[in-house]
Amino acid sequence: MARMLTPLLDLDVADEAPSVSILTGYDEERLILYIRLLDAAAEDVDWRDVAEFVLKIDPEKEPERAIEREKPSGARDG
(Lines give C-alpha, C1' and ligand atoms only; values in the text may rest on other atoms or scores of the structure.)
Protein backbone atom coordinates (compact mmCIF):
# COMPACT_ATOMS: atom_id res chain seq x y z
CA MET A 1 0.00 0.00 0.00
CA ALA A 2 1.36 3.41 -1.00
CA ARG A 3 1.88 5.93 1.75
CA MET A 4 0.69 9.47 1.42
CA LEU A 5 3.36 12.16 1.51
CA THR A 6 3.41 14.45 4.54
CA PRO A 7 1.89 17.87 3.79
CA LEU A 8 4.46 20.64 3.97
CA LEU A 9 4.11 24.29 4.94
CA ASP A 10 4.75 27.27 2.67
CA LEU A 11 5.48 25.49 -0.59
CA ASP A 12 5.53 27.34 -3.87
CA VAL A 13 2.63 26.90 -6.25
CA ALA A 14 3.46 25.70 -9.73
CA ASP A 15 2.17 27.74 -12.64
CA GLU A 16 0.46 24.57 -13.84
CA ALA A 17 -0.83 21.95 -11.44
CA PRO A 18 -0.93 18.27 -12.39
CA SER A 19 -3.84 17.57 -14.73
CA VAL A 20 -4.89 14.14 -13.54
CA SER A 21 -8.03 13.28 -11.58
CA ILE A 22 -6.23 11.63 -8.66
CA LEU A 23 -4.15 13.06 -5.82
CA THR A 24 -0.51 13.31 -6.82
CA GLY A 25 2.60 13.83 -4.73
CA TYR A 26 2.31 17.52 -5.65
CA ASP A 27 -1.21 17.59 -4.17
CA GLU A 28 -0.29 15.62 -1.07
CA GLU A 29 2.56 18.00 -0.26
CA ARG A 30 0.23 20.98 -0.69
CA LEU A 31 -2.83 19.78 1.26
CA ILE A 32 -2.36 22.50 3.87
CA LEU A 33 -2.19 25.10 1.10
CA TYR A 34 -5.43 23.75 -0.39
CA ILE A 35 -7.11 23.95 3.03
CA ARG A 36 -5.93 27.56 3.38
CA LEU A 37 -7.44 28.35 -0.04
CA LEU A 38 -10.74 26.75 0.96
CA ASP A 39 -10.77 28.67 4.25
CA ALA A 40 -10.06 31.94 2.44
CA ALA A 41 -12.88 31.25 -0.02
CA ALA A 42 -15.29 30.43 2.81
CA GLU A 43 -14.37 33.70 4.53
CA ASP A 44 -14.61 35.64 1.24
CA VAL A 45 -11.05 36.94 1.63
CA ASP A 46 -9.93 39.41 -1.04
CA TRP A 47 -8.03 37.65 -3.84
CA ARG A 48 -5.05 40.02 -3.43
CA ASP A 49 -4.64 38.93 0.19
CA VAL A 50 -4.96 35.28 -0.80
CA ALA A 51 -2.30 35.75 -3.48
CA GLU A 52 0.08 37.53 -1.14
CA PHE A 53 -0.31 35.61 2.11
CA VAL A 54 -1.37 32.14 1.00
CA LEU A 55 0.18 31.75 -2.45
CA LYS A 56 3.22 33.98 -1.80
CA ILE A 57 2.65 35.88 -5.06
CA ASP A 58 2.89 39.67 -5.07
CA PRO A 59 -0.38 40.78 -6.70
CA GLU A 60 1.12 44.17 -7.58
CA LYS A 61 4.15 42.73 -9.39
CA GLU A 62 2.44 39.66 -10.90
CA PRO A 63 -1.31 40.42 -11.11
CA GLU A 64 -2.08 37.96 -13.91
CA ARG A 65 -0.27 35.10 -12.19
CA ALA A 66 -1.90 35.96 -8.86
CA ILE A 67 -5.39 35.96 -10.37
CA GLU A 68 -4.84 32.71 -12.28
CA ARG A 69 -3.40 30.82 -9.29
CA GLU A 70 -6.12 32.04 -6.92
CA LYS A 71 -8.93 30.69 -9.08
CA PRO A 72 -10.06 27.18 -8.10
CA SER A 73 -9.56 26.08 -11.71
CA GLY A 74 -5.93 27.13 -11.39
CA ALA A 75 -5.45 24.26 -8.97
CA ARG A 76 -7.00 21.62 -11.17
CA ASP A 77 -8.72 21.86 -14.57
CA GLY A 78 -10.42 18.58 -14.90
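Predicted model: local features only at pLDDT ≥ 70, side-chain atom pairs only at ≥ 80, totals over all residues.
Trainee: How many helices and how many strands does the chain have?

Mentor: Start at the N terminus and follow the elements, which run α-α-α-α-α. The count for the chain is five helices and zero strands.

Trainee: What percentage of the residues of the chain count as buried?

Mentor: Buried here means under 20% relative accessible area. The chain has 78 residues, and the share of them that passes this cut-off is 24%.

Trainee: Which residues of helix H3 are buried, and where on the helix do they lie?

Mentor: Helix H3 covers residues 47–54, and its buried residues are Val 50, Ala 51 and Val 54. Looking down the axis of H3, you find these buried residues within an arc of 110°, so they line one face of the helix.

Trainee: Which side chain reaches a backbone nitrogen at the start of H3?

Mentor: The backbone nitrogen belongs to Arg 48. A side-chain oxygen reaches to within 2.8 Å of it, and that oxygen comes from Asp 46.

Trainee: Which residue just after H3 takes a positive phi?

Mentor: Step just past the end of H3 and check the backbone angles there. The phi is about 60°, and the residue is Lys 56.

Terms used
Residues numbered from 1 in each chain as written. Heavy atoms only, no water. Buried < 20%, exposed > 50% of the residue type's maximum accessible area, 1.4 Å probe, protein only. Helix = DSSP H or I, 4+ residues; strand = E, 2+ residues; numbered from the N terminus. Arc of directions from axis to C-beta. Polar contact = N/O pair within 3.5 Å; in protein donor to acceptor, adjacent residues only side chain to side chain.
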